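Subject: Structure handover

Hello,

Here is the structure I promised to pass on. My notes follow below it.

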Amino acid sequence: MKKILFFTCMFLFAFDLYQGSAKELVRVRLENFVGDTKEIQMRITGDYFTIDPTLSLQEGVNYRLYVKKGNLYLRGGKVNQQVDHSFLLIPRNYDENHRVYIDERPYLGAMEFQVENNHYVRPVNQLPLEDYLKGVVPLEVFSSWNIEALKAQALAARTYAVSRMKEDMDDTTFYQVYGGYAWNARTTQAVEATRGQVITYKNKLIDAFYSASNGGMTENNKNVWGGKSRSFYPIKEDPFDPVHPWEFTLSKTQINLEDIDWDSIDGFDGLQEKDKEIAAAMKRSINRQGYPGDIAILSIPKFEVNTKKYHSKRSVTGSIEVEFLQRLIDGTILLGNVTLHDVNLNRIRPMIGGTIFKSYYIDSLESDDTKYVMRGRGYGHGVGMSQWGASIMGDKGKNYDEIIQFYFPGTSITNYERK
């Protein structure tokens, strides 16, 4: 906590000329584009300073920042030294000419570099809320959409961010996708046109959830995350959402045991599943369920969705069984099995992958001797605003206030800066 407070105080000093305030600054852990890595490339444009008086970075120099034995090192130009477990870069002036480039992606504001889990470099960006949103909106929607839809997205994104100002958000879909200084003129216009505006219900911020498509039917928050049902997340038909039907095929047999050449020196490494993208998601899920080491998916003997559905027509529970090979660090190969029986689909969907198993609005799941075929509609949880629906509403002449009222009925648009 002391470290975070010190970071914030130093950063506010750097923002003396900026017309913002402490409550309008956000911290964003950069994970989406950086990943888990032991090394990043970094450079700066403009004048930056650090808390360490012995450390001075030069504009235009390419620096290598890496973790070795749990310590952070910086190398480049005249710098070649250990920089403890974290260090902070602060712009002398806050403007668009002061940028920190991480693997050639530019970011405004201050940047702290931390050692994460004793292995990885984790950058943490801190900048004003409104400029953060300018890096969110163009990655969440298409900048070519109707300006009123872009305004509605800016409003939802701002409300979501403000409701999480005390958290260290990240730049993934777990919060909101953020691309740094990846601004677009039209989305920037939408952010500036709605500056400071948030969505409230009875004078309190809402979460302002949104997803790409609800498949033609909105969903209630309780059905997705539990807790208390909120009236501004009703279940109702959405005549504006374009439905977005989807389907995927999953082969029952991914790797035939009888075809494996165990005498080959790269027998395990050469194994290839039929459905590579789904198999990759299954491997990650199996690792998280307590099976370390390398995984090879053999088969999916069972994959079912139960008939019970919510009023929103979304499925609730199902079952899946996965057989796999597990190679331990010493080379031992084991035969494994993961079975999830009559569980909530939110435990099964990650095993397929959210970009393939796109929603719980499932129309059918059929199977034969060799494969499963699932069909559905929508993309995402369906709670709150449909981004594609908002786009179509804008095209039909609806303004952003009308879009917000349709997707968050009974709420008000208020000014956060006055709260």
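The chain exposes about 20,000 Å², and carbon and sulfur atoms supply 47% of that area. Areas come from the Shrake-Rupley method with a 1.4 Å probe, and for residues only the protein chains shown count as cover.

Some ground rules. This is a predicted model, in which local features need pLDDT of at least 70, side-chain atom pairs count only at pLDDT 80 or more, and totals for chains, interfaces and linings use all residues. Residues are numbered from 1 along each chain as its sequence is written, and side-chain values use heavy atoms, with hydrogens and water left out.

**Overall build**

The chain has 10 helices and 23 strands. These are DSSP runs numbered from the N terminus: helices are H or I with at least four residues, strands are E with at least two. The radius of gyration is 24 Å, close to the 22 Å from the globule rule for 419 residues, so the chain is as compact as a globular protein of that length. That radius is taken over C-alpha atoms; the rule is 2.2 Å times the number of residues to the power 0.38. Buried residues make up 51% of the 419. Buried means under 20% relative accessible area, exposed over 50%, partly exposed in between (1.4 Å probe, protein chains only).

**Two positive phi values**

Most residues other than glycine have a negative phi. Lys69 has a positive one, near 55 degrees. Lys69 sits in the loop between strand S4 (63–68) and strand S5 (71–76). Its relative accessible area is 79%, so Lys69 is exposed. Glu104 is not a glycine either, yet its phi is positive, about 70 degrees. Its loop runs between strand S8 (99–102) and strand S9 (105–107). At 53% relative accessibility, Glu104 is exposed.

**Asp168**

Asp168 is in the loop between helix H4 (147–162) and strand S12 (169–170). Its relative accessibility is 31%, so Asp168 counts as partly exposed. Leaving out residues up to four places away in sequence, Asp168 touches Arg27, Arg29 and Tyr175. Contact means heavy atoms within 4.5 Å.

Among contacts in the chain with a separation of 6 or more, 68% join residues 24 or more positions apart.

Best wishes
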